[in-house]
Amino acid sequence: MLAKAGLEAKKTRAALEALLKEAGQVRIDKIAALESLDAKRRGILFEVEQLKAERNKASQEIAKKKAAKEPADEILARMKEVSDRIKGFDEQVAAVDRELDDLLLGIPNVPHASVPLGCGEEDNPEVRRHGEPGAMAFAPKDHVDLGAALGILDMDRAAKLTGARFSVLAGDGARLERALWTFMLDLHREKHGYLELLPPFMVNSTSMRGTGQLPKFEADLFKLANTDYYLIPTAEVPLTNYFAGEILPEAALPVKFCGFTPCFRSEAGSYGKDTRGLIRQHQFNKVELVKFAHPDKSYEELEGLTADAEQVLQRLGLPYRVVTLSSGDMGFSAAKTYDLEVWLPSQKRYREISSCSNFEDFQARRANIRFKGDAKGAKPAFVHTLNGSGLAVGRTWVAIVENYQDGNGRVAVPEVLRSYLGGKTHLEPSKPLG
RNA sequence: GGAGAGAUGGCUGAGUUGGUCGAAAGCGCUCGACUCGAAAUCGAGUAGGGGCCCGAAAUGGUCUCUCGAGAGUUCGAAUCUCUCUCUCUCCGCCA
């Protein structure tokens, strides 16, 4: 799949050489293997195409002879042999393609030059802050206690219905969640120029491969029994694969999508982490932003996308900061990532609420998404893909409930949300079920 | 779930005794002629991917692959066989 889409050996080589310069990421063996496989592929291709040319020519001759009722037995015999050789070469090419794919699928993206080197979370430099955590004259409660008191969150019955790491929102809690994602979509659609898509919540394995969830991270996904379908862990998967295998007109770039979906994650390996409340769930809601950008513009677009996500926090009046992920904390497929972290009074710290990444051509290669200029001889080239949460709705719900609590059991509704909640200014304790 | 029909270039649509078919025709689009200008008319061009060659680059040259996807038969497949995907029609079921 990848090899057929064109390996672009020079580009790959340059990228891999860049990898070599990264501290602690020596991959000489992989580069050598890639190069030799690529050379091998071209060599075989050259041979087999010559044979095919011979066969095509002979085919015409045979047709002519047959039409003239002349015998063509010796050409036929000769071509049978040529045909066998072609078959052999074709199989070799297919085998090399498979090897190349296996190799390429296992190589993580190369961090952009501006990404700070580091070992993990503790090395992520802060880029900027916005807003001040409000000084509270009382001990802030966390969203679980507040939610229970307000009658808007029910963890116990969710556990009964399904299991751990699920939740039920009730009454104004459900309404608040719905208001949030509607507000987010309206903002991105009206003010930021994104096209709203409502995609399937499950996709096939090809799509999962396109954005990089497969083959390496199958354990993080929920798969539907007896099918090739997976529940999406993020709308990034359907929104990015939307153009898989296509060539976009250059003039259409950048293409900007926003979409709301539930997200499903098995959270394998996170046992004991964030076990309380809504922070880490198997199912949560998210509004996602996705861009397909010209390679020359993708880092500008990343800044813009991050700013678009920040707008949500600013308009909701939530204090947050932006950090750049260091090389050691970055995901498998990203070239550069900014995390937005919102202030949570109950934890007295900033927690991730959005992750905005430029994948450069990493996903575009896997999903084979290209663009082409209008000029006559223009060659297709891979687009750059970007995405970011704008925002994770559940965590935004948490941030609002915690940051807007007034100490008397009430929670103020941010100005921009009131029209979505029938003008309501506060959430007050109530028992929706009597 | 049952029965049947289909998938061809930007679009519509020919092609089904396998052989100069990557493909008729029409529409659309581009350029040119006519016109003060436009319409109409006339003429020419017009699928895409990949490799290689020439070149600073563009233009260009050449080979190859692609008629939903994959496999097969054959010297040769849009045309024959198998599997899969999708679309449409009828029946059943259902929000």
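Hi everyone, let me start with a helix: V393, G394, R395, T396, W397, V398, A399, I400, V401, E402 and N403 are the buried residues of α11. Buried here means under 20% relative accessible area, with exposed over 50% and partly exposed in between, using a 1.4 Å probe and protein chains only. That makes 11 of the 11 residues of α11 (residues 393-403), so this helix is largely enclosed by the rest of the structure.

A word on where this comes from. This is a predicted model, in which local features need pLDDT of at least 70 and side-chain atom pairs count only at pLDDT 80 or more, while totals for chains, interfaces and linings use all residues. Residues are numbered from 1 along each chain as its sequence is written, chains are lettered from A and ligands numbered from 1 in the order in which they are written, and side-chain values use heavy atoms, leaving out hydrogens and water.

Which residues does W397 contact, leaving aside its neighbours within four places in sequence? They are I152, L153, L169, G173, L176, E177, L180 and L278, where contact means heavy atoms within 4.5 Å. W397 also belongs to the largest nonpolar core, which has 49 residues; L176, L180 and W397 touch the most other members. By nonpolar core I mean a set of buried Ala, Val, Leu, Ile, Met, Phe, Trp, Tyr and Cys residues joined through side-chain atoms within 4.5 Å. Apart from that core lies another, of 18 residues, including I44, I75, F89 and L103.

Let me step back to the whole chain. Chain A has 11 helices and 18 strands; these are DSSP runs numbered from the N terminus, helices being H or I of at least four residues and strands E of at least two. Its C-alpha atoms fill a box of roughly 100 × 45 × 45 Å along the principal axes. Of the 434 residues of chain A, 49% count as buried. Among contacts between residues at least 6 apart in sequence, 74% join residues at least 24 apart.

On to the strands. Two strands pair if DSSP finds at least two bridges between them. Strand β16 (residues 384-392) has nine of its nine residues buried, so β16 is largely enclosed by the rest of the structure. Who are its partners? Seven bridges join β10 (residues 283-293) to β16, running antiparallel, and L289 has G388 as its bridge partner in β16. From β13 (residues 349-358), three bridges reach β16, also antiparallel, and here C356 stands opposite G388.

Strand β11 (residues 320-324) is another one to look at: four of its five residues are buried, so β11 is largely enclosed by the rest of the structure. Four bridges join β1 (residues 126-130) to β11 in an antiparallel run, with Y320 as the bridge partner of H130. Five bridges link β11 to β12 (residues 336-344), again antiparallel, and V322 stands opposite L340 in β12.

Three strands form an open sheet in the order β8-β14-β15, with mixed pairing. Why is one side of β8 and of β15 left without a neighbour in the sheet? Because β8 (247-249) and β15 (381-382) stand at the edges, each with a single partner strand. Three bridges join β8 to β14 (residues 370-372), and these two run parallel; F371 is the bridge partner of L248.
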